[in-house]
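Let's take a walk through a protein model together. Keep the 3D view open and follow along as we go.

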Amino acid sequence: MKIFITSLPENNWWGNGTPQYADNPAMIEGTLPNQHILIQEWTQLKQTLTHSGVEVEVVPFPSILDGDDSANWKHDYVFFRDLYVTNLNGEAVLARFREKERQAEVEVVKGYLSEKIQLTIHQLPEDSECYMEGGELYYCPLEKILFAGESRNSKKGNELTADFLQTDELIVLKSKGFHLDTVFTPVLDSTGSLCACIVCMELMETDSAKRLKDF
């Protein structure tokens, strides 16, 4: 297994102030990130992943999303996992964002995944009922299970993604989080097998909490 993270941009990340997304209450428009803390936390993240024994690859932050024009973007490319999901078997499904201004990030990452890593790329149709972001998904490769949120993803987006990845089971978990990865994560053991789940049950909708307990 390999984990990809992006490098930080050359210029201050959101140096003109953070954007505002309609479905993300954690972001306040115009907030200036503390770049010193940002660099510290990024360095600690890389060190933690490296020391865990997992192979880590740092993806260069694309210059097109950096520099003087960055004030015109609402990009979140630092959150690399939002941009796609892979089945660890040579295939990836690219995100289709509700936030239209983020879709440009997908075009950037498409070239990296197909040319540098040589993955087979799947893209969701341009359909008003079909949305998907990687932060709403967890794929467990040995069990071929896809856990999927529906805060930002749509039902159709989740189902098509599950089909592309050739999953055996799709488990939809609805919550009050703006991404599934804010309230839930599966835990894999040293063999890559699913062995536990960490979840904030208080933020899970009743039916989803029941389904998770049954699972």
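How many salt bridges does the structure hold? There are eleven, and keep in mind that this is a predicted model. We'll visit a few of them, but let's get our bearings with a sheet.

Look for an open sheet of three strands, in the order β6-β7-β8, with mixed pairing. Its edge strands are β6 (137–140) and β8 (169–173), each of which pairs on one side only. Ignoring direction, neighbouring strands here are turned by 15° against each other on average. Strands of a sheet pair through backbone hydrogen bonds, either parallel or antiparallel. For β6 and β7 (residues 145–149), the pairing is antiparallel, over four bridges.

Helix α4 (residues 206–214) lies across β7 and β8, and runs at about 140° to β8.

One joins lysine 156 to aspartate 127, with the closest N and O atoms 2.4 Å apart. Lysine 156 sits in helix α3 and aspartate 127 in the loop between β5 (120–122) and β6, so this pair links distant parts of the chain, 29 residues apart. Is aspartate 127 buried or exposed? It counts as buried, because its relative accessibility is 18% and the cut-off for buried is under 20%. Lysine 156, at 33%, counts as partly exposed.

Another pair is arginine 152 and glutamate 133, whose closest N and O atoms are 3.4 Å apart. Arginine 152 is in the loop between β7 and α3, while glutamate 133 is in the loop between β5 and β6. Both are buried: arginine 152 has a relative accessible area of 6%, and glutamate 133 comes in at 3%.

Then there's lysine 174 with glutamate 150, at 3.6 Å from N to O. Lysine 174 lies in the loop between β8 and β9 and glutamate 150 in the loop between β7 and α3, so the pair ties together parts 24 residues apart in sequence. Elsewhere, salt bridges that share partners join Asp76, Asp82, Arg102 and Glu105 into one network.

Last stop: strands β9 (residues 184–188) and β10 (residues 194–199), which run antiparallel and are joined by five bridges. Threonine 185 has isoleucine 198 in β10 as its bridge partner. Between the strands of this hairpin are five residues, and glycine 192 takes a positive phi near 90°.

How values were computed:
Residues are numbered from 1 along each chain as its sequence is written. This is a predicted model: local features need pLDDT of at least 70, side-chain atom pairs count only at pLDDT 80 or more; totals for chains, interfaces and linings use all residues. Side-chain values use heavy atoms; hydrogens and water are left out. Two strands pair if DSSP finds at least two bridges between them. Helices (H or I, at least four residues) and strands (E, at least two) are DSSP runs, numbered from the N terminus. Axes are lines fitted to C-alpha atoms, for helices over the stretch in contact, and angles run from 0 to 180 degrees between N-to-C directions. Contact means heavy atoms within 4.5 Å. A salt bridge is a side-chain nitrogen of Lys or Arg within 4 Å of a carboxyl oxygen of Asp or Glu. Buried means under 20% relative accessible area, exposed over 50%, partly exposed in between (1.4 Å probe, protein chains only).
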